[in-house]
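This note gathers a few points for a colleague who is meeting the structure for the first time. Please read the points alongside the view below.

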Amino acid sequence: LHPHPRSQPLSLKLTLEPPPNTLQFNSLDCPGTDSDKAGKTDACQGCPNQSICAASKPKGPDPDIDAVKARLDRVRHKVLILSGKGGVGKSTFTAHLAHGFATDEDVQVGVMDIDICGPSIPKVMGIEGEQVHHSNSGWSPVYVQDNLAVMSVGLLLSNSDEAVIWRGPKKNGLIKQFLRDVDWGVLDYLFIDTPPGTSDEHISITQYLQCSSVDGVVIVTTPQEVALLDVRKEINFCRKVGLPVLGVVENMSGFVCPNCKTETQIFPPTTGGASKMAEDMNIRFLGALPLDPRIGRCCDEGKSFLEEVPDSPASQSFTTIIAKLRALCEEPQTAASS
């Protein structure tokens, strides 16, 4: 790393702004704090903020929206990685998606990790312990290589074992700072890694990205029905907030023996797996990624599995999915239904 000569290391406790003076939406039907109906509609019933909203005067638009838009205008393609279920491999997929796109030296790639409470991107991408610096142009992301940059709350913690115990407004404030203050320069692709669910982080990133065009989201799941149950909710969330779904990826789809290449179903797709779900919900199935124990080893060591084991069936599947996504981003008219 070669930080700007006038840059200063960032510390999470010292640099974060106070939570913004806005309230979190508790429902997709929430009229919003800017509305003259705030605290007065049926959707407001039962909300802990109802009395505050009803007593407050409508506020104007967030003044930081223009600053967020100015930053994102320098990013050609923005893709979110989502899943309603935890533990399906979103961060692993995001990291290798970024590594795959960055194999083209002419392509500038960024990874934004908004999993505030469980940031694993620094570990997976081999930059654990690195520092984010601040200069006149904003926060400088950490570079994995010349054309691959990363920003994560994990890079702001003094100790990787430190717990981030925050409520929604503070998470919202940090996500806005990532979007507004990180100096990515000009990017071809920005991949945004998210936590599981459809809660604060997802609503915040969706609201702030409304000011900028988003190519869409990639949904990651595993074959078993217990994962698909939550993934269907995530897809419906995307449809409600207007996020295009580029497609679904089935991770951990069978185990391929590194020696004999025989594939075994570890998580049987009892209801047809991701491909059947995609067909039922009328969205694109991007492909299946088999289990390979070497993927876990590479993540623990902060290395790219695609570079370490290029002949693996999993690497070949990654390459195919990356090619499909690149084609979708470059040809917006072919985007999947949302």
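Is the crossing of α8 and α9 right-handed or left-handed?

1. The model is predicted: local features need pLDDT of at least 70, side-chain atom pairs count only at pLDDT 80 or more, and totals for chains, interfaces and linings use all residues. Residues are numbered from 1 along each chain as its sequence is written, and side-chain values use heavy atoms, with hydrogens and water left out.

2. The crossing of α8 and α9 is right-handed (the near helix is turned clockwise from the far one by less than a right angle). The axes of α8 (residues 225-241) and α9 cross at roughly 35° and come within 11 Å; these axes are lines fitted to C-alpha atoms over the stretch in contact, with angles from 0 to 180 degrees between N-to-C directions. Helices are DSSP runs of H or I with at least four residues, and strands are runs of E with at least two, numbered from the N terminus.

3. On the α8 side, L228, V231, R232, I235, N236 and R239 meet G273, A274, M277 and M281 of α9 (contact means heavy atoms within 4.5 Å). The residues of this contact comprise six nonpolar, two polar and two charged; Gly counts as polar and Arg as charged, while Ala, Val, Leu, Ile and Met are among the nonpolar types.

4. M252, in strand β10 (residues 245-256), has a positive phi of about 55° and is buried, with a relative accessible area of 19%. N282, in the loop between α9 (273-281) and β12 (285-291), has a positive phi near 60° and is exposed, with a relative accessible area of 57%. Buried means under 20% relative accessible area and exposed over 50%, with partly exposed in between (1.4 Å probe, protein chains only).
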